[in-house]
Amino acid sequence: MTERPNFFLLLELDPAAPWNEEAFQHALAEKRKRWTRDATGPKTFPRTVDAKRNLNLVRDIQRVMGDVDAREEERKKAANERRAAMEAARKELKDRLDFLELRGYLLAPERESLRTGFADVLAASSALARRLDAVEVREAGPAAPADRLDDHTERQLRDLLKTAQMRTLYDVLKTVDESVTERSSLPVLLDAAHKLYMNEHNRKNKSDPAVKARENLAGIAKTIFETEERRRRHDVSMRLESLRELVAWHVEVLGSARAMTAAQVEGFLARAKRNGVRDLDFALGYLRDVLFAKGWPLELPAPEAAAGVDRLVHCPRCAELNTPAAAACSVCAFPLRDPCPSCGLVEPRRGGCRCGFPLGQRERVEDLLAEAVEAADGGRRDEAALLLNRASRIWRLPAGSTDPLAVRLRTETLRLAEEAAHLKRLADSVTALTGARRYVEAADLLRTAPLGLPDRDMLLVRAEEIVERARRLCEEARRPGVGQVRRIELLTEALRVCDDYVSARTELNRIPPASPRKARAIAGDPDTGVLVSWEETGEPGISYVVVRGTGPAPPESPEDLPGQQRLAEVSGASYRDMPDAESVGLPLTYAVFAVRSGTFSAPEVAAPVLVAADPELSCRAGEGEVALSWSPPRHADRIEIVRERIGGDEPPVRLLADGTEHTDRDVANGAVYRYTVRARYPGLGGGPVWSRGRTIETSLRRRPVPPGSLSLTGRAGSYLYAHKVELRIPESDRGEVRIISQRGAGSLREGDAAAEAEFRPGGRILAGSSSPFVDLITSPDDRFFTYVPIVTVDGHVYVGRPRSYVTDPDVADLAVEFDGDQAHVGWTWPESGGRALVGWNTEGGLPDVTEIPEPHAVTRPTGETYGGCTVRIPADATALHVVVALTVTHAHTEFATSGVRASLIRPLVRARYEVRGGWRQRSELVLTAETPLDLPALTLVARAGRAPLTRADGDVVLALPPSRLAGSKAHTMPRAHHLHYRLFTADPADAAAVELTPATH
């Protein structure tokens, strides 16, 4: 019985540490996760076996570690095992040092490996640590490149390739794609790996270990050949594996001699080169390290001998080495001096040319080509195409290559394609003939068709059977005593079975069918056409051909001829004809022919008819008028329009209908009228023919306009949009009001009108059907927009007054202050503003600034930050409402912002102020009130050149706290001259508390 592992060591718990139940449970849980995962691996893998064993020990672990006495016994065993393991490791380190020191020095990787692998031993044994540090260290010689696959993948590849009996991963992929080489592109390799995986995965019998090995190799290939970096690492690992196997073989062969002579080393280098090893210096260094580790003496060949091996040339076919001057391989006679058909150079190597072209597979390609030709000649076209495709994938050269083998491949591929096209045409012809029941012709074609035609023999047998059936029917029809009706049935059946059986058609043509009777044509309008009907003959196998003639002359034959058109062949007793525009309005004559197997009866002719089309009429009602327009049909010689008033006593009125339009002004607003239009055509037999008439009703109403004015509010957007505009307009009692957003100056003008179907908005119709409408502007580069209100009534669109809008910022800090019969308006200009429109009233309800009749225009002086103006108002006005908007001229159009609004109620009290003094005397601010009043905090602002427009427009020269004023009071000021002053309330909100008026006003 196998001894179980120690539980302390298995769970990696320190036996010398105090017992920690929580640490134990955590370690056991982590180990169970890992064992559960590892237990799903291959059954024979040691890790899988250990994981399953450890899972079976979980209950024992919990039992032992949960019992104090059993746990203590387990702790003692763990300490003993750790001491034994440490002693074994110390002995192993000493043995390795003894062996390596025989060389007299250590390689740097060797010392690093000992320090890493025996760190615990070196930490516990200072003597061994000093001994390791005292040994001379030299740099390592040639070593395996670092950019190779990891050890696990290398071992896995080695084992799987051995099971699959393949040398390289490229050889494995070559089993599904012979074109694969070490130079193949990643897509080609991945495609081959996928095909190999599916082939092996779908095999039902997987008892052969090689099947599973190839499936696993395909999975590895899909990972390795996913990137060029992984592929390069794989190639390095495989070259090293080849070298490792080669050195192992030499060691085995020389196991008795335990030494290598110079000649044997030279032979080793030749064998390494033959196996594809490119770096012979590395191969020699690898051999030297292996033999040195075994203690074998090694005799190196002369440098010129090694160089001579390096100059030997591979045979691309058999990989034998040849002298550089050899014209052909000494083993297989493959030509070595022929230029590569891909790159044009003479550089043969193992498997092909140095450029990667597979020269060595020339014979394989020639064999595949020969097999393809043999398959094509034998009618096995699919097999031939597969073989040619395999050969072409291996011998892959540009289309214009003159290489003889490539030319033969292209020629055979073209020949195969032409044969395939020819067979396709034959198959299509046979299909068309059998579909038309022309089996005599189909049988003749099938008898001469090549063997490669699909289902040729089966189709030929079926065609001959059908022809034979038609022949028997004809023979039965010729028997004496067979009546004419029965004879017709037999011959008709023969032609129904085989349409090109000539004997049946010849005999049936000698028995023409009877003509149909009582043909008549009933004409409607262009939408219903002409209904042609007749009485059937009652004979078997009869169909009917309808022919239309233009004019009174009847058709004389069932063919398409000048002046007549074959319309259709039907089996019933009626047909509806829809004449084209060229035939509408002309006399039409219809003839019906009975037909049986291509033999026609005499015609039965219907009386001529005429299809009369109505004119297309449209009307647009305006104020006091109706505009009519129409399109006269072709061939009509007169148009008639009749007006009727609905609900009135007026008699119908015929209107002038010359030309294509007429404006009827003999109408009344509010009335509803019906207009009927008809077309007249030259009739049959001398009398006119009128169309049925087209009617349209309309009502006269006053021209609607969008109600009220359009007002808008714009503001800067968020991260979802650059600017947002809300637009408002009153609802209309007639029709639906919408708003159109157009870029720039727009194309619609006030007063435009059009039918709804013909209206072109020239922009976006904003979403929604009532105020406010919202326009989200997404691009910050779009500044200029025109918003156009429209109203839709009775299918017509009427355009209101457009509003031109610019998205620029509005003025800021808008303030209004009363001053007797005037008011002061001030603001701060935005960075880009240059011109403002100021509108006001004293009643309230200010419209959009563009709707104000005479707004006050203010132009910004250069360099000014603050703007404003003074407006005249009635002295008894109790309130003032102001709107200020900026304007920009663009494309000869003035665009305005949405504007800023402010309102102020006139204060109930008034104080007058005056600045006295000047250059020679002290200045002072004198405040006067007729009745005592409480003043809020005040600010006196001064600036040179003009009076301040806002509180911020100048310098504060005096700040007064809240106070009570009775009579006059003077406040001393700093001395100054040539300044203009204005007194403000310190807080703009206090402007409604007191009216401040200059004494000079």
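Reply: Two strands count as paired if DSSP finds at least two bridges between them. This is a predicted model.

Start with E33 and E34. Strand E34 covers residues 822-828, and E33 pairs with E34 in the antiparallel sense over 6 bridges. Within this pairing, Glu817 stands opposite His824 in E34. Both strands belong to an open sheet of 3 strands, in the order E33-E34-E37, with antiparallel pairing. Strand E33 (812-819) and strand E37 (866-872) stand at the edges. Each has a single partner strand, so one side of each is left without a neighbour in the sheet. From one strand to the next, the twist averages 15°. As background, strands of a sheet pair through backbone hydrogen bonds, either parallel or antiparallel.

E7 spans residues 517-523 and includes Lys518. E7 pairs with E8 in the antiparallel sense over 5 bridges. Ala521 has Val532 of E8 as its bridge partner. The hairpin of E7 and E8 has 6 residues between the strands, and Gly529 there takes a positive phi near 70°. On its other pairing, E8 is joined by 4 bridges to strand E11 (residues 574-577), and the two run antiparallel. Here Leu531 has Arg576 of E11 as its bridge partner.

Val530, Val532 and Trp534 form the covered face. Leu531, Ser533 and Glu535 form the uncovered one.

Next, the backbone. Most residues other than glycine have a negative phi. Lys518 has a positive phi, near 55°. Lys518 counts as exposed, because its relative accessibility is 59% and the cut-off is over 50%. Glu12 also has a positive phi, near 60°. Glu12 lies in the loop between helix H1 (7-10) and helix H2 (21-38). Its relative accessibility is 61%, so Glu12 counts as exposed.

Last, the cysteines. The structure holds 0 disulfides. The cut-off for a disulfide is within 2.5 Å. Cys353 is buried, with a relative accessible area of 4%. Cys340 is buried too, with a relative accessible area of 3%.

Note on methods
Residues numbered from 1 in each chain as written. Predicted model: local features only at pLDDT ≥ 70, side-chain atom pairs only at ≥ 80, totals over all residues. Heavy atoms only, no water. Buried < 20%, exposed > 50% of the residue type's maximum accessible area, 1.4 Å probe, protein only. Axes fitted to C-alpha atoms, helices over the stretch in contact; angles between N-to-C directions.
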